[in-house]
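Please consider the model shown here with its sequence.

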Amino acid sequence: MDTQRPDPDALLKRVQADEARRVEGKLKIFFGANPGVGKTYAMLEAAHQQRHDGVDIVIGIVETHGRVETQALVNGLEEVPRRAVEYRGTVLQEFDLDAALARCPTIILIDELAHSNASGLRHTKRWQDVLELLKAGITVYTTVNVQHIESLNDVVAQITGVRVRETVPDSVLERADDVELIDLPPDDLLQRLKDGKVYVPEQIQHAIHNFFAKGNLIALRELALRRTAERVDQQMEVYRRDHAVVRTWPAAETIMVCVNMKSRGPRLIRAARQMAADLHAKWIAVYVQLPRHLGLPQSERDRLVQTLRLAEQLGAETVTLSGENVAQELLNYARSRNATKIIVGKPVRSWWKEWVFGSVVSELVHQSGEIDIYVITGAAGEGQPLVRRTLRSTGDPSGYAYALAGVLIATAVDWLMFPYFATANLIMMYLIAVVAVAIGWGRGPSVAASVLSVATFDFFFAPPHFSFAVSDIQYLLTFGVMLAVALVISNLAVRLQQQAELARYRERRTGVLYAMSRDLAIHRGTGMLAQLAVKHLRNAFDAQVAVFLADADKRVQLQRGELLFFELDPKETGVAQWVFDHNERAGLGTDTLPGASALYLPLVGSSGAIGVVAVRPQDLGLLLDPEQLHLLESLVNQVALAIERTRLSDEAQQAHVRAETERMRNAILSSVSHDLRTPLATISGAASSLAEDELNAAARKDLARSICREADRLDRLLKNLLDMMRIEAGAVQLSREWHPIDEVAGAALARLEGRLHDHTVNTSFPADLPLIFVDGVLLEQVMINLVENAVKYTPPGSTIDLSASADDHQVIVEVADRGVGIPSGEESRIFDKFYRDKTAGEGGVGLGLTICRGIVEAHGGRIWAENRSGGGAIFRFTIPLPETQPAVEMEQAEVR
């Protein structure tokens, strides 16, 4: 059959992913190898076809580069107006994302996906604009060249000698719903270049001898074709998985080589590498771990490590599977990876062992179906262990002693039971002993216990007693069955024990991964993450661990912490630097710098190496076990991603701070420059007029008053700026004393007498208001700022109400006016720095209310604003009351 029932979990995940993307727009990428192959032209042709079909399609931004035929296709399509952005004295015409979102077409054309936006726009990269359009449900047609793909950046630089600065993450290409390859042979592209259809004539010769050299064009074309083929292969795999297609589809060659702990593994690896090179196919080296492999000699496990390492060095993907049936596990994995060829070694066991125990090769051949099976021989003795060591015995000699003891105990129990029980019951005791020995000491002692059980039963309990002779031939059948049952039970018990041990190992592996991922997720800071990595890796592998991170100069530095005790000499640091520079593991147990005292692995993030982990194990052989090595690599990858995530978060925070600082600087310059210029211009004009002799005394007096008035205005402006700086720096020191609230309000109104000549102020302070424990000068400043704000936003002749009330815990002060009120939704924003309503009647920096909030909050109160019934605004703030009032002040109040 070609198909079987799909995996419900996988199908559910696929449906959920499709459902999540259903509300988003579709992304179509016109993909090319080089500029000038016709990506934009093809995109515009597709746009005209969509427009002909009645689809609402517009141009977001298209760069024609002066090409007449491209400009002709632009004509007739609606364009979203571009946004003018000033950059270093030049006005740039950029894509207007907000205008596109407001227009909300069905399809929008966005040329040059890798373009970097000008400073000041919402996103730094155009591909980020595209992602926002997709989330808004707008389908996007866009273009990109292969040299702009992030993962190919180093490859392109190596080929062309040019480092491309504008790149697109691979995830954007993978996110695309459709990728259309726009291909053009190198000779045709060069002809287009010479005809002036790619660059202007002055740049043609320079381009031909540099980036557009024919060799470069061929190599980039191959990269584009391969990347497109990989995407098509991924789409086929998704289809096969969604439809549970079991049979192999040989659309592309994939070779799988099967290795074990035998010495001919390197020969199989080399044969597979040669076949993969001849067929230009990807290849996979697979090892199936059986439960019994856990008890094999370390020398055989080291040989397997060497074989898998050789496969990785030759470019293979290495995979470790686990199960009971080797052939079935191999075939299941081969079909899941769409492998077309399987390479195995020729069986070396005798024919009768294959007949009794079965053959993996025979099972593969009979069950492979459409997959080709290649059986390759190999000379014995090939390959040497990675680590030389003395061979250890596969069995513990003490186990045989325990087997003998178990049989003797069973015999003693049977001797006591012999007068009362039938012989069949006596056999059960021996079987119990066999099971106990099998569970405790393995297969060898259990087999010995089985044989000894038959012998002792024959000697003590089968007539004639105390003799190995058999008087009744029926006992021969009893002995045979007893031995067979004992052997089967012992074998099953041993397998059960091995499976339990393997399950415990997997549980430990899962626990280690979970514990590390949990800790890395909840902690921040590279120093803390390095310490967590040291702790978990040390506990998991019984090893000393060090973490190196690269600095700004790409030099690795040892991260020291309370859990970091790994002492290094300069040579070891040099190994770490080499691993970082080459992005390869090296050191102990490898073929690169094997004289190092530790195994060094690179910490690789999405943008390259960010550091190195050094592991010095107590037992190198255990660390280089394939499963252990893969576990180590998985943990190291988690550490790398966590550190990279923290760094990206820090960079984003720093970028936000820089942007906020720049915004604040611009706001300060914009506000302060205007508010400084106006009074300075008045003072300068008045002073120059005073210098003239023609003015009479009255005119001179008016000019002097203007100078004083504007000087006071400058003083208030600078005072507000200084107060804001003190508040933000936390340098406000409260000098608290007991004050009546009406006296503070009176002092504030007295200072504002000149400003209030066109307004009427009504005050309301009940006689029983308690005293407040505040900094009188600062609270007076709050009232001055609030009343000044009311004057600024109310017409001349209007009334301002200043009142106070109290409850058991606080005093509430209100400043109310009959002005234009507060715009809806701005009630909280008006306390932000540099916020100014456009209806303000006179200038200001926008710091007065911010200063009020800082002073009130320093006293433990709060301040807020709301619109007043009947028109205008009300500003309220609270001052907490102490639990007790001062006795002296109360007595003075009673005397008054």
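Five strands form an open sheet of mixed pairing, in the order β20-β22-β23-β25-β24. Strands (E, at least two residues) and helices (H or I, at least four) are DSSP runs numbered from the N terminus, and two strands pair if DSSP finds at least two bridges between them. At the edges stand β20 (760–764) and β24 (863–867); each has a single partner strand, so one side of each is left without a neighbour in the sheet.

This is a predicted model, in which local features need pLDDT of at least 70 and side-chain atom pairs count only at pLDDT 80 or more, while totals for chains, interfaces and linings use all residues. Residues are numbered from 1 along each chain as its sequence is written, and side-chain values use heavy atoms, with hydrogens and water left out.

β20 and β22 (residues 799–806) run parallel and are joined by five bridges. S764 stands opposite S803 in β22.

Which residues touch the most other members of the largest nonpolar core? They are L786 and F877, in a core of 42 residues. Such a core is a set of buried Ala, Val, Leu, Ile, Met, Phe, Trp, Tyr and Cys residues joined through side-chain atoms within 4.5 Å, where buried means under 20% relative accessible area (1.4 Å probe, protein chains only). Helix α26 gives the most to this core, with nine residues.

The protein chain averages a pLDDT (the predictor's confidence in each residue, from 0 to 100) of 79, and 81% of the residues score at least 70. Where pLDDT is low, the predicted coordinates should not be read in detail.

Technical notes:
Buried < 20%, exposed > 50% of the residue type's maximum accessible area, 1.4 Å probe, protein only.
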